[in-house]
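Here is a brisk report on selected strands and helices. Read it beside the sequence and the model.

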Amino acid sequence: MKIAKAPLPLLAAESAAVVPRHVRRKPKSYWALRIGAGILIFYVAVALLSLVWTPYDPLTPGIGDGYDAPSLAFPLGTDRLGADMLSRLMAGARYDLGISLTAVAIALTVGTTIGTFAGYYGGKLDTAILRGVEIFQAFPGLLFAMLVVQAVGPGIVNVILVLSFVGIPDYLRLARVEIHAKRHWQYAEAARMVGNPPWRVAFRHLLPNSIGPVLAFTSINAAFSALVTASLGFLGLGLGPNTPEWGSMIARGQDGVMTGQWWVSFFPGLAIMGLTGGFYLLGDALSDITDPRRRQ
Amino acid sequence: MQLGRMILRRMLWVFPVAFGVVTLTFFMARVFNGDPTELYVPPEATDALRAQIRARLGLADPIPIQYINYLWDLLRFDLGISFTTGQSVASDLWDRLPATLELGLVGLSLGIAVGIPLGVMAAVYRERWPDFLVRGVTLGGMALPQFWVGLVLISIFFVSLRILPGPVGRLPIGVPLPIKITGFLLIDTLLAGDPALWWQAVRQLALPALTLGFSTASPIARVTRSAMVEAMQSDYIRTAIAMGHGRRVVWFRYSLRNALLPVVTLIGGVAGHIFAGAVLLESIFAWPGLGQYALQSIERSDFAALQGFVIYASLLYVLAFLLVDLLYMFIDPRIRA
Amino acid sequence: MSGVLLEVESYSGAFWSPTNELVPVLHQVSYRLKAGAMTAVVGETGSGKSLVALSILGIQPPAFVHTGGRILYRGTDLIGLDEKEMRSLRGAEISMVFQDARAALNPVFTVGRQLADVYQLQHGGGRSAAMKQAIEALRRVSIPEPERRARQYPHEFSGGMAQRAMIAMAALTCRPSLLILDEPTTGLDVTIQSDIMELIVELSRQRGLTTCLITHDLGVVAETCDEVVVMNAGRVVETGTTEAIFTAAVDPYTRRLLAASQLVEAAA
């Protein structure tokens, strides 16, 4: 290491010894945030575009002969029934993105609300809620979703409700822990002393100060929801059989995989990876940014 | 002393969890799924026959009575009879357990064996290309659906390259199982003195285990990485460096042990899920384990089987975390006190 | 005895700011540590005194960038050394005691094991011989029941006991020529502070160590040190013998510092 002679900007990463916690490394350029957000914006754009334009009608079979390999006419090939894969993939963005985002929004709202109440008031109700959550979390999440969707039947609303229900306990716990830790901090006491009613102290003063970890989790949770949506679709439990949802598209291509027509299952998997990967990147970046130890 | 009390409390916690989970499943299954009798009678059956079958399935009583009956049976360790297999649920679960355990153990071991070193490597080369590579690959491992990875592996190794067998379960079609001793084929085939059969079992296991290993290694590597990075920034690592310890000692002896705590928690959670049967994975590879059993019981409204499985899965979950606590005490002396 | 063991020469450095610019934090810092003497580096928090000390051992934070100057140890520029050469100096030639000893010891290994590891690293030999040496070192720093204490973990030590163990590790199981102590008594009870300082002085005398004491506590400095370096905002503002600094300080900042500490003492 010839420190004195080397150009300066290279050095921060090179002298990799020890960072005391209060000192930042060379600051990140937030590339994870940018890529993650970029991917998600792309998916939203595709979903919106698919409402007005797709190369072919995604729901019409028989456009190709069936199992057409990727070509100029069908860039991603066609499935067994001859429906265009690219069109179906584009339309699928509406379903997978829409379902996971809506489910997460519901879970976030309901979970943090209950969690804030439980954390702020504490006491027996809080304990009871926590115990209930612990029991519910011992229940395998995917199995719960399968059980309910199988029972109430396929449909977008059902899938969304089940997914949000599965997500609620995590938000509840996160919000509860944050609020519980902060409810006796000085600014909360101060807010109380000047006459704010309890709900206002909890939701206007405490919650905004606690939302960072919750938001970071939201992104991770959205990735999980997208994966469960696809899993339900794969099992044929999620939506109607001809719905261009990525998981059910993979299932439809399963036979083709065995006979060499890999593209029918392959591309929807990539689409799922992009979406969940985008959510994960965003979540990682958000938890980096909102980590109180790294915040200064 | 205190340690013993804590473990005991943890173990007693199994009972309320099991009770809660059983109750939840019982009512959910019945309220949502309604009457499964139709699945088990021929369409032309008379009402009298239907009633008879309904009674045989234990569905004639009002739901609260059914619930009390079920709890009473549970207290005598009777999980009931599966509608579909006609066997007792306990013996069904017991039969399928080894397949799930075998796949789970091999997959999880692969995941740990690959994930932890990758995580350490990423932390050591932080913000340089090995780190970016590990983070990229593991991001993919978390973002890809397990069933898709399985299909792609089948498409590569079975369909294209033809070097591994297709997804037909634990042994090739038509090959009889060895005499059941442990239930683990990798062990039973050797006990039977049949290395050729052992090799066949290994080849059948390869793809599902790889799939499972890939998707478990990814979160393990990521958590290892961030825990290592944090440990390497600590005061005690600065001390170790100041005393002249070399890099390897600092990384593997002084940092890794501290970094293992969150990794152990994660592995506990992952193990709880894996041993409850990876439903989709087993369904793709026609693996005759608990996951398939659960899926089937949901599809066929097989109440007793479903409840039995859920009890098993939730007990496993509680046990996994008990084990994590014990490991914690082994790793971190601060908790032992 | 009057030779110079370590010389910091116009040492300058900067930190990366959150906006990716270099913010200078050390400005041409220069001071000398005389062999066999005890030198105090005094300054407020953030004056850069610890940063220079960490730079001597090559364990400065990665966000810190060296922008100029040299650090000469026995005439060799430490900044030009590669990692391997630097490592052979750490512990063997230069060793360091840190501020919060309980955090500076590894929580998952026994105190005895950590000392023994360092002993084996520096002097070789078997595990059990090293452990014997570790216990001996703990006894030398007046830790009662060293055999039992060696089997305990850092969290079972009080702050003062942990600092004694840290000193045993840095000064006894390592056999350095230069011992740097970074605020070794900060955060400890007042009576324990003076015990620790006594121990440090006794060990340095006995072993003929060159000692560099980094502190903000001028009371400690007056009683123990031979030379004083005063730092403020990344600059050395004054250096001299303890007597000269305490009786005839020239720099206004040094005077303010002295006045403040006397006020505190008067009030206490």
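## Helix crossing in chain A

A crossing is left-handed if the near helix is turned anticlockwise from the far one by less than a right angle, and right-handed if clockwise. Helix α5 (residues 141–152) of chain A passes helix α8 (residues 198–234) of chain A in a right-handed crossing. Contact (C-beta atoms, placed from the backbone, within 7 Å) involves Leu142(A), Ala145(A), Met146(A) and Val149(A) of α5(A). From α8(A) come Val228(A), Ser231(A) and Leu232(A).

This is a predicted model: local features need pLDDT of at least 70, side-chain atom pairs count only at pLDDT 80 or more, and totals for chains, interfaces and linings use all residues. Residues are numbered from 1 along each chain as its sequence is written, while chains are lettered from A and ligands numbered from 1 in the order in which they are written.

## A buried helix in chain A

Helices (H or I, at least four residues) and strands (E, at least two) are DSSP runs, numbered from the N terminus. 22 of the 28 residues of α11(A) are buried (20 or more other C-beta atoms within 10 Å of a residue's own, C-beta atoms being placed from the backbone), so this helix is largely enclosed by the rest of the structure.

## Strands in chain C

Strand β1 (residues 4–16) of chain C runs antiparallel to strand β4 (residues 64–73) of chain C, joined by eight bridges. Pairing takes at least two bridges found by DSSP. Ala14(C) has Val65(C) of β4(C) as its bridge partner.

β4(C) also pairs with strand β5 (residues 76–77) of chain C, antiparallel, over two bridges. Tyr73(C) stands opposite Thr76(C). The two strands β4(C) and β5(C) form a hairpin with two residues between them. In its turn, Arg74(C) has a positive phi of about 50°.

Methods
Buried ≥ 20, exposed ≤ 12 C-beta atoms within 10 Å, placed from the backbone. Contact = placed C-beta atoms within 7 Å.
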